[in-house]
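Here is a friendly walk through one protein model, meant to be read with the coordinates open beside you. Have a look at the structure first, and then follow along.

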Amino acid sequence: MSNGSLVTTFFLTGLPHAPALDTMLFGLFLVIYILTVLGNLLILLVIRVDSHLHTPMYYFLTNLSFIDMWFSTVTVPKMLMTLATPGVGAISFHSCVAQLYSFHFLGSTECFLYTVMSYDRYLAISYPLRYSSMMSGRVCALLAAGTWLSGSLHSAVQTTLTFRLPYCGPSQVQHYFCDAPPILKLACADTSANEMVIFVNIGVVASGCFLLIVLSYVSIVCSILRIRTSEGRHRAFQTCASHCIVVLCFFGPGLFIYLRPGSKDALDGIVAVFYTVLTPLLNPVVYTLRNKEVKKALSRLKNGSVFIHNQ
């Protein structure tokens with residue numbers, strides 16, 4: 001990181017909106033944040049205590065819920081503070097570095113995890129008899145560890161590229177959290193090389209993951225169409241539909257923001273709400289309301305008939 005930076009504090013402008021909406025937006029985002037944390041904690045609890053859910057799919061879902069809880073926590077509380085005290089939005093230089101690193105660490109880890117989850121569904125539907133041996137506990141642990149390690153490395157590159165530049169003012173970030181595109185706009189040095197590296201870096205990762213997910217689902221659809229019973233086909237489609245909904249809500253806005261070099265529009269802040277605020281809430285809703293096994297587990301938890309499976 002550059003020693004030439006004179007800026008010690010950045011000021012987040014927050015979401016572009018009319019001042020009259022401050023209280024309404026604060027209330028809305030506070031409710032969404034509380035529901036997100038509680039929803040993901042509930043999924044973690046149910047999967048932990050119900051032995052019926054000790055399968056690879058739910059192991060990855062545990063990772064996803066854990067990421068979503070913190071992914072939301074990295075950005076939403078600061079956004080709420082900015083809404084509660086309009087015109088302030090101050091964040092120290094080092095806090096900004098930490099927020100950008102955490103955001104990209106959790107975001108890219110989630111990106112890799114969706115890819116692993118689609119591969120898991122592909123094996124489950126295409127190779128049902130060999131699935132348990134192909135997706136053993138050790139394989140699951142290695143795949144999960146790989147997503148976290150890749151995410152941390154990807155974020156380290158992103159953060160280093162952004163903050164190795166000097167920042168000598170202005171210090172007003174046109175966003176509600178510290179992200180690379182609006183931060184680079186404030187650098188007092190040429191950022192074109194940075195923007196292109198970030199474009200390629202995120203572009204290759206996000207587009208590569210998305211392409212692998214699409215290929216997995218093309219293979220899954222082909223396998224489903226070979227299932228002879230309509231009930232079997234319906235169940236297989238239902239299993240994958242929830243994953244597809246969340247993937248589209250996560251990748252769509254992300255690709256829109258990062259696959260445009262020099263993207264710094266105010267519109268980006270609004271689009272970012274989809275994957276920083278709504279997707280972490282959507283995961284527990286989609287995976288519980290659309291999933292019979294989780295609903296049964298919640299019912300067992302409510303009735304006190306759940307037991308922990310000692311592995």
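**The core.** Please keep in mind that this is a predicted model. Its largest nonpolar core has 87 residues. Within that core, Phe10, Phe29, Phe163 and Tyr167 have the most contacts. Helix H3, which spans residues 93–126, gives the most to this core, with 15 residues.

**The sheet.** Three strands make up an open sheet with mixed pairing, and their order is S2-S1-S3. Strand S2 (90–92) and strand S3 (172–173) stand at the edges with a single partner strand each, so one side of each is left without a neighbour in the sheet. S1 covers residues 9–12 and pairs with S2 in the antiparallel sense, over three bridges. Helix H3 returns here: it packs on the sheet, where it touches S1 and S2. The direction of H3 makes about 85 degrees with that of S2.

Which residues of S1 lie on its covered face, and which on its uncovered one? Phe10 and Leu12 are on the covered face, while Thr9 and Phe11 are on the uncovered face. Phe10 was also named above among the core residues with the most contacts.

**Helix packing.** Two helix pairs can be set side by side. Two packed helices are described by the angle between their axes and the distance between the axes.

| Helix pair | Angle | Axis distance |
|---|---|---|
| H1 (residues 22–49) and H2 (residues 56–84) | about 160 degrees | 9 Å |
| H3 and H7 (residues 192–225) | about 20 degrees | 9 Å |

With the packing angle of about 160 degrees, H1 is roughly antiparallel to H2. The crossing of H1 and H2 is left-handed. For the second pair, the angle of about 20 degrees makes H3 roughly parallel to H7. The crossing of H3 and H7 is left-handed as well. Residues of H3 that make the contact include His104, Phe112, Tyr119 and Ile125. From H7, the contact residues include Ile202, Cys209, Ser216 and Ile224.

Tyr119 lies in helix H3. Is Tyr119 buried or partly exposed? Its relative accessibility is 37%, so Tyr119 counts as partly exposed. Leaving out residues up to four places away in sequence, Tyr119 touches Met135 and Ser216. Tyr119 and Ser216 are 97 residues apart in sequence, yet 6.1 Å apart in space from C-alpha to C-alpha.

Gln158 belongs to helix H5, which runs over residues 137–163. Gln158 has 0% relative accessibility and therefore counts as buried. What does Gln158 contact, leaving aside its neighbours within four places in sequence? The partners are Leu100, His104, Ala180, Ile198, Asn201 and Ile202. Among these, His104 of H3 and Ile202 of H7 also take part in the contact between those two helices.

How values were computed. Residues numbered from 1 in each chain as written. Predicted model: local features only at pLDDT ≥ 70, side-chain atom pairs only at ≥ 80, totals over all residues. Heavy atoms only, no water. Core = buried A, V, L, I, M, F, W, Y, C linked by side-chain atoms within 4.5 Å. Buried < 20%, exposed > 50% of the residue type's maximum accessible area, 1.4 Å probe, protein only. Helix = DSSP H or I, 4+ residues; strand = E, 2+ residues; numbered from the N terminus. Pairing = 2+ DSSP bridges. Contact = heavy atoms within 4.5 Å. Axes fitted to C-alpha atoms, helices over the stretch in contact; angles between N-to-C directions. Parallel < 35°, antiparallel > 145°, perpendicular 65-115°, else oblique. Left-handed = near helix turned anticlockwise from the far one by under 90°.
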